[in-house]
Amino acid sequence: MSVDKPPILEIKNLCTYYYTDDGVVKAVDDINLKVYEDESLGIVGESGCGKSTMGLSIIGLIQPPGKIVSGEILFEGRNLLNLTQEEMRKMRGNHIAMIFQDPMSSLNPVFTIGSQIGEAIELHQKIKDKPEIRKRVVEILKKVRISDPEYRFTEYPHQFSGGMRQRVMIAMAISCNPKLLIADEPTTSLDVTIQAQIIDLMQQLKQEFDSSILLITHNVALVAEFCDNVAVMYAGKLVEHSSARNVFKRPKHPYTQMLLGSVPRVDATLEELIIIPGEVPSLISPPPGCIFHPRCPKVMDVCRTVIPKMEEYEKDHYVACHLYDKEIASKRGG
């Protein structure tokens, strides 16, 4: 997006691979992306396209056999990949926080909710006074709309519902007022009503804390409702990036068009739903050329041999597709 001020996060040519016995899985392959202050950016795509790996790469939590093999992740101009483990631990929580998709596996079952949120405050804000920590935790629990926070402070994760556990994860993430919040499938396994409540909560907290939010999800409707801008990811690569309005009103990439067409709408008949044929290709041995070409209804000969570049089709609307090569070249006077 063309914004006057510099981005709070800039990802340059990021490649994160997993080295398995079967071969090298190119989970994130040459990604370029910017997130600006106060922006909510949605990363959308099918399961297994590399969205979560990108989020974990940003926050420095890629585990073996995964490895960031190249690229830069600049946060406020500072390359996170050059930080020591200790420096990265200080960055997490204080400046960048992540809400994980499964709160039950992220919360420790043998510690109370209050002690787990309090630990983050004590660690990152260097507060040792127990009454002060408790006061802050109770205030945060109120912000995420957990009723009777003084009492719930002493309870354990299994005593909370799924929606309440997700609120606790959000409370932990915002406890140190981070500048960037990464939300990885924050509404997975929640019913529609609770999903709406969680998104409404995140929207209010974003405004209150002036945080930028990177929302990682396969839920297209969620992105349409919550995000300012959208980046569409397929098989480890970005294929389209623009404002939410542009992407949903005028999608350019065939994958984006088919992805949006496969979402049920109340005003559409069952026959109108689009089914994307085939399967996501192997990230160990991806097809040559455009990685989407084996499933694309608009495939051309060039798509089978040449990898398309992400180009600006129109102002602030970027697409990686050979369908627009001539049009983009003519606009440039080429």
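## Cysteines, a surface patch and a hairpin

The sulfur of Cys49 lies 14 Å from the closest cysteine sulfur, which belongs to Cys227, and that is too far for a bond. Keep in mind as you look around that this is a predicted model. Searching the whole structure turns up zero disulfides. Below, we visit the cysteines, then a nonpolar patch, and then a pair of strands.

**Cysteines**

- Cys290 is in no disulfide either: its nearest cysteine sulfur, in Cys303, is 6.0 Å away. A disulfide needs two cysteine sulfur atoms within 2.5 Å.
- Is Cys49 buried or exposed? Cys49 counts as buried, because its relative accessibility is 2%.
- Cys290 is buried too, with a relative accessible area of 11%.

**A nonpolar patch on the surface**

- Four residues, Met300, Val302, Val306 and Leu323, make up a nonpolar patch on the surface. Together they have about 250 Å² of accessible area.
- Leu323 counts as partly exposed, because its relative accessibility is 33%.
- To find Leu323, look in the loop that runs between strand E12 (317–319) and helix H12 (325–331).

**The E11–E12 hairpin**

- Strand E12 also takes part in a hairpin with E11, with two residues between the strands.
- How many bridges join strand E11 (residues 311–314) to E12? There are three, and the two strands run antiparallel.
- In the turn sits Asp316, which has a positive phi of about 60 degrees.

Conventions
Residues are numbered from 1 along each chain as its sequence is written. This is a predicted model: local features need pLDDT of at least 70, side-chain atom pairs count only at pLDDT 80 or more; totals for chains, interfaces and linings use all residues. Side-chain values use heavy atoms; hydrogens and water are left out. Buried means under 20% relative accessible area, exposed over 50%, partly exposed in between (1.4 Å probe, protein chains only). Patches are made of residues with over 30% relative accessible area and no salt bridge: like charges are joined within 9 Å, nonpolar side chains (Val, Leu, Ile, Met, Phe, Trp, Tyr) within 5 Å. Accessible areas come from the Shrake-Rupley method with a 1.4 Å probe; for residues, only the protein chains shown count as cover. A salt bridge is a side-chain nitrogen of Lys or Arg within 4 Å of a carboxyl oxygen of Asp or Glu. Helices (H or I, at least four residues) and strands (E, at least two) are DSSP runs, numbered from the N terminus. Two strands pair if DSSP finds at least two bridges between them.
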